[in-house]
Every structure is written in structure tokens, then in C-alpha cells.
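Welcome! Please take a moment to look at the sequence and the 3D structure, and then let us walk through some of the details together.

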Amino acid sequence: MTDLLYAVEVMINGLMAGVLYALVALGFVLIFKASGIFNYAQGVLALFAALTLVGLQEGQVPFAHLINAAFGTDLHYFGWQLPAVVAIVLTIGVMVLLAIAIERLILKHLVNQAPIILFMATIGLAYFLEGFGDIMWGADIKTLDVGLPQGGSAWLEQATAGWGGENFYGFFIDRLDIVATLVAAVLVISLTLFSQYSKQGRALRAVADDHQAALSVGISLRFIWVLVWSIAGIVALVAGIMWGAKSGVQFSLSLIALKALPVLMLGGFTSIPGAIVGGLIIGVGEKLFEFTVGPMIGGATENWFAYVLALVFLVFRPQGLFGERIIERV
Amino acid sequence: MTTRLAPLALGVLLAAGPAAADLVFPDLSYRTGPFAAGGIPFSDGYQDYFTLMNERDGGIGGVKARVPECETAYNTEKGVECYEATKGDGALIYQPLSTGITYQLIPKVEADHIPLHTMGYGRTSAANGKVFEWVFNYPANYWDGASVVIKYLMDENGGSLEGKKITLLYHNSAYGKEPIPTLEALSKKHGFKLTLIPVDSPGQEQKSQWLQIRRERPDFVVMWGWGVMNQVAIQEAANINFPMDHFIGNWWAGAEHDVTPAGMAADGYKALNMNRVVDYPVFADIRTHVVDKGLAAGDGSNVGSVLYTRGMYAAMLAVEAAKTAQEMTGTAQIDAAMMRDGMEHLEMTAAKMEALGMPGIGPEFTVSCADHGGSGMAIVQQWNAGDRKWVPLTDFIAPDAEVIAPLIEADSAAFAAENGIAPRCD
């Protein structure tokens, strides 16, 4: 009974972890859906957004190292401490500006290029943004404090302690994961409502369905690209906040993209529900495998098991669970 | 005063020699990538100390030190490329700050005859100088560290760990796996139950590992982590209310940036350190001669931090070995072979460390032909989150040589057999 309850605990935590993976995968899906670009820079976008958030919140002088080195000054902080909400709003503004810059400087020049060219461009963007973030905000680890709760839910732990005997210490669920789940739910509902009921959302879907047909009815492809990269930037900010709250904001945040890849393979590159369901399946699958099989084979199974699980799905559904079926006629 | 006069005297003594090229100490650093937060302060400390030598003392024995920097991003392939790119520049010593890079460089330095110093990391059995002629890992290695942790825990538990449960949470890499043989041997010797829990690199997600720790309720968790793994582990430990004073990291899991992201929740977390961190007089010299002149490798904000101090300590040990080599050979213009001889005759005494403006920074130790590992001593420090400071809890603790020596002997003998190396120093 104790083992069963612990398995349930692992499963619940797997679901929560899956939500965090899905948050990263969502950014990929949004851009791929609207432009057919696999955005290699999505993980770095999350890092850049989180760095900007902490920098603005703490009143850090951007490019301080560069300024100090060039002018012999000793600038580091403006001396203000912004409320979290204000810093988040300003960071969203920065992400929108970044989306405009990406469209003007990169995407505009690559219209009608093959997807692989656009993919390569996003690799370049990832390297550029990582270095740019470093120069702008410094490479030290930053503490992210936007008032998110941390730690297990004491109430749940106490209420369930002893259910499976004295060796069952109650269910552990991280309150941060609960918040992440709620935020992800709000995000998905908002995105769905936006794409279904707003003019811009419908335009976005039209572009996703057929670029040329959308252009022929007067939809601006450039505007849609700015819009979709802005939304992906906002999703990246949310992912950066949730992951950064656990580890501090540091450059390894960009590696969370690796967690999204099996989710995308499983859920499909073009489906928002697919990203969510894929995230949940990967989260639960890897955690349960680690719990049941991990101890027998030395542990540390999660990184590779997620990919194996995705590959198994690929054998049966190459387009992913919710991806569009690829039909090629001779 | 001695700090300033000794190198001056040596410089005067050796100044009559021919015009000298720089002494080259390549810095295989990592200022980018997921491990940059640890790589930057170490590299800053390493470079600033050589700059201090040049600015304050006119170089080492009158010859300027040069530190070409090469970015490895903590990537083994890039580390090897950096080694190949810089070795022809007259490199005297390499300190790559990576166990993965170290393992790749060991056969290369043995062939190229350039010393490799892996202070508190790398291949532990390199402490056996009979087999590893060009590799040094003084003042301490991972097996020393594992033994010091267990010794400390025994002291804290009335001299016995019989029946206790200890979990090793380790980075699933060559580095993280290093302490396992020692801990297994110590587990048999002292009767504690050892559980091994790996964390895949980089360690951003550790929910499964900490749920397992929560289920198994070990008495102590020992961590062999690096990079983001440390910050996440400390936060997850706090999340499950694991007592922080029962959680001990090794010396690569005990810097300021490992604990600050968790805020007050990290209070009480412990870690080993091979170099004591206090406000040494040498820091004032670094600020005056390096930072204030705009010559620092970084912006000077790292001076005095745990990893800055360790980088500076690593540079100081290299400088002292170079000075020893200069004294032994009577020439200031030493080469890599002379540097190796200097390292093999290095003596770090309390008086020498005090004269250098770093009293008590490390343990006293002597290096010899057979012993490239030093004393193996380390301290235990504890994080005070309120003051945002590491507080030393102990003096330098000696490792259990009775357990470690046979392990080093066996591992190095296997390496010698595999590579056809005839033991030396007889």
C-alpha cells in the first residue's frame, strides 16, 4: 500500500513536471505553427526573458561591464527595486521589441527560403542572444523573486500522512508546481480564446494553414511573425520564471529546451493541446520509469527515457499524437 | 615585508641572465555556458594573481608571467582544442578545472611533457607520482574529500556511523562518480548504509531524486555536484524540509552562488573547502595593484569569494612551484620540465603562506616524487544565510590514509599496467 501511494505521488509530481516541460514546448509550437520554423532559440529566449526580468526588477544597469570598461565608470545598479508586476510588464515590452527586431533583422530577409535556412538562422539567433544576454546582464547567477511559493504543501502532507502505514509521510506536491499548472492552464485557455475569437488570432491561424492564401486576402505576414514571436517571447518569460525560481536565473536555463524536444516529438509540432498532453505523458512516463525501473539499472534514466518514449510514439504516429497527418500524393 | 622582498631578491639574483621571454601559464577557462558561474570567479582569481605578480613584484623571479586565456565552456572537446592551441606557446602548466578535460589531457601531457595540476579534481589516483609523472593533484583529491566528510560525520555522531543511512547525490559524470569507491570502502569499514543517487547533467530537474530521498529518509546527504545541479539540489532539499545541517556538499558545491538562489532556505547547508575563505591581506594588494589599475580579469566584484580565492590559491601554488624551479635550476627562464621538478619539490609551510599574505589558506604539505597529492586535508564550512557568509566549522581535517592509500595504489597500478608504465622514484 505504501509503495502504491508513493507511486501515485510520483505520478502527480510527474504531471506537474510535465506542465513545466509543456510550457517550454508551447513556445516552439506557436512559432512552428505560424511560420514553419523550428525555433532553436526558444530555450535562450526563456533565459533572456528571465535575465531581463531580474535585471529590471533589481535596477541593474544593462551593459554595465561594457560601459565601465569603455568609460572607466563604476556603474552597476540604478538603485531602484521594481515591484514584480511592473518588472514583468516591462519585460513583456522588451520581448515584444525583441520580436520586432528579429522580424526586421532576420526573418524579413529570409522570406521564401527553405525551412532549413530559417532553422539555421534561429541557431545563429540562439548563440547571439546568449552572448547578448551575458553582455547585457552579466553571467552571474541571479535570484528570482517574484513572490512565487516554494516548498511542499504542508497541509496536504499532514492530511495524508500515515495513509499507507507509518512509512508513508504524506503526499508531497511542490506549491511552485501547482502555481505553474494554474498559470499554464490560464495561458492555454487565453491562447485558445485569442486564436479562435480575435481578428489577429484568426489571421494567425490563416497564416498557419496557408501562407500564400493568407497573403492574398491581405494578411500581413510580417505582422503575424512579430505577433507570434512576441507571444512565444511571453511564453518563454513564463517558462523562465517557473524554471528560474527553482535554480536561480543562469545560463543553464537555455538547456530546458532539451526537455521540450521529446514533448514536441510526442505531441506534434503544430498542436497546442499536443504540447500539453505530450508534456504530461513525458513527465509521468519518465518519473514512473525512474521510480520503478531506475533503482534496478543505476538511476538517472529520465533524460534518455523521455527520448525513448517519444521514439516509440514516432514509430506508430510519425506526426505525433496531435500533429497534422502528412499526406504526400504522387 | 617578506612577501615583497623575497621575489625581489630572487629577481635581482636572476636578472643577470639573458633577456627572457614570458613565463606562460595558459588559463583554460569557462566564462560561457551552463557552468560559467563557477568558471568565471575561478578564472578571475587565477589571472589576477599572475597580474599581481607582474605589477607588484615585477614578475616571477624577474620574468613576467603571461596568461593566455582559452574558452572551453566546460566542454571536453573544446578543452582539448585549447590545450593543443596553447601548448606550443611555451606552456609551463595546465589547470583545466574540469575532470572530463583532465582525463583527456593525462595521456597528452605525459607525451608532451607538460605538467598538469588538477587541484581537488581530475583523476584521484594521479596522486601516485610513481605512475603519473606529469600529473599532480595536491593539496587534496576527491577520495580525500569523501573521507574527510565521513570523518567529520563520525565526529558529529560520537565517533560512530554504525547503522546510519548516507546518500551520495552525484553528478552523473566522471567527476561525480569519483568518490564512490572510497565511500563504498568507508561504508564497509564504518558500517553505514550507502545509497547512490545520480543526477544527469546539467541537473535542472531533480524531482525524482528528492522524492526518493524523502521516501528513504537518509541521516545525511552528501553531494558531489557542479553548476546548476547544486542550486537546484539545495532548493529541492529545502522544499522537502530536509535538515540543511545534514546536507554536505563537496568543495565544488560550496560557493556563494550555490546557496544564494535558495535565500534563507539554504541556511545551515554545509560544504567542504580545501582553502579557507577569510579576508586575506593579499586581497588588499590585488585591489591596489590589479583592480584599481583596471587590470583585473573581471570587474573586481569577485575578489574574496570562495571560487575566486580558490583560483588565486591555484595560481599561487603554480607561482611557488615556478619559484622553486627557478631556485633549483638557477635560471629564471624555466621550461615545462623544470616546472615539473619545481612542483615535485614544492613545500607549502604556514610561514610561507603567511609571507604571501594568505595565512592559513590551505594545509601545510610537501610534494615529492612519489606523492603528488599533498596532505588531502579539508575543512567543513557552513552557510550563514543571514550574513551571507561561509563560516568555517572545523580546522583542516586529515583524510583516512589507511583506506585511501590502497585504493590509489590499486587504481594507479591498473593504469600503469594498461599503459605499460614502469613505476619510478625507487
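Across residues 28–386 of chain B, the chain is 43% helix and 13% strand, and the end C-alpha atoms of that span are 35 Å apart. UniProt lists this span, in an unreviewed entry, as "domain: Leucine-binding protein". Keep in mind as you read that this is a predicted model.

**A closer look at helix 4 of chain B**

- What length should we expect for helix 4 of chain B? At 1.5 Å a residue, its 14 residues should span 20 Å, and the end C-alpha atoms are 19 Å apart, so the two values agree.
- Helix 4 of chain B has a kink of about 40 degrees at Leu105(B), shortly before the proline Pro107(B).
- Leu105(B) is also one of the buried residues of helix 4 of chain B, which include Thr99(B), Gly100(B), Ile101(B), Thr102(B), Ile106(B) and Val109(B).
- Among the elements that cover these buried residues are strand 2 (27–29), helix 3 (76–86), strand 5 (116–117), strand 6 (135–136) and helix 6 (174–177) of chain B.
- Just after helix 4 of chain B comes His113(B), with a positive phi of about 60 degrees.

**Where chain B meets chain A**

- Here 33 residues of chain B are in contact with 36 residues of chain A.
- Which elements of chain B give two or more residues to the side that touches chain A? They are helix 2 (36–57), strand 8 (193–199), helix 8 (207–216) and helix 9 (228–239) of chain B.
- Helix 9 of chain B gives the most to that side, with six residues.
- By class, the side of chain B that touches chain A has 14 nonpolar, twelve polar and seven charged residues.

**Backbone details in the loops**

- Tyr138(B) and Pro139(B) are joined by a cis peptide bond, with omega about 5 degrees. Pro139(B) sits in the loop between strand 6 and helix 5 (142–156) of chain B.
- Another cis peptide bond joins Ser201(B) and Pro202(B), where omega is about 0 degrees. The loop that holds Pro202(B) runs between strand 8 and helix 8 of chain B.
- Tyr74(B) is not a glycine, yet has a positive phi of about 60 degrees. You will find Tyr74(B) in the loop between strand 4 (69–71) and helix 3 of chain B.
- Is Tyr74(B) buried or exposed? Tyr74(B) has 26 other C-beta atoms within 10 Å, so it counts as buried.
- Gly386(B) lies in the loop between strand 14 (379–384) and strand 15 (389–392) of chain B. Gly386(B) counts as exposed because it has 8 C-beta neighbours inside 10 Å.
- Gly386(B) and Tyr121(B) are 265 residues apart along the chain, and their C-alpha atoms are separated by 31 Å.

**Chain A**

- In an unreviewed entry, UniProt places the feature "transmembrane region" at several spans of chain A, including residues 12–32 and 110–129.
- Residues 12–32 of chain A are 100% helix and 0% strand, with end C-alpha atoms 30 Å apart.
- Residues 110–129 of chain A are 75% helix and 0% strand, and their end C-alpha atoms lie 19 Å apart.
- Ala300(A), which is not a glycine, has a positive phi of about 50 degrees. Ala300(A) belongs to the loop between helix 12 (272–292) and helix 13 (302–316) of chain A.
- Ala300(A) is buried because 21 other C-beta atoms lie within 10 Å.

Notes. Residues are numbered from 1 along each chain as its sequence is written. Chains are lettered from A and ligands numbered from 1 in the order in which they are written. This is a predicted model: local features need pLDDT of at least 70, side-chain atom pairs count only at pLDDT 80 or more; totals for chains, interfaces and linings use all residues. Two residues are in contact if their C-beta atoms, placed from the backbone, lie within 7 Å. Helices (H or I, at least four residues) and strands (E, at least two) are DSSP runs, numbered from the N terminus. Ala, Val, Leu, Ile, Met, Phe, Trp, Tyr, Cys and Pro count as nonpolar, Asp, Glu, Lys and Arg as charged, and the others, Gly among them, as polar. The expected span of a helix is 1.5 Å times one less than its number of residues. The bend at a residue is the angle between axes fitted to the seven residues ending there and the seven starting there. A residue is buried if 20 or more other C-beta atoms lie within 10 Å of its own, exposed if 12 or fewer, and partly exposed in between; C-beta atoms are placed from the backbone. UniProt positions are given in the numbering used here, feature names are shortened, and annotations may be inferred rather than shown by experiment.
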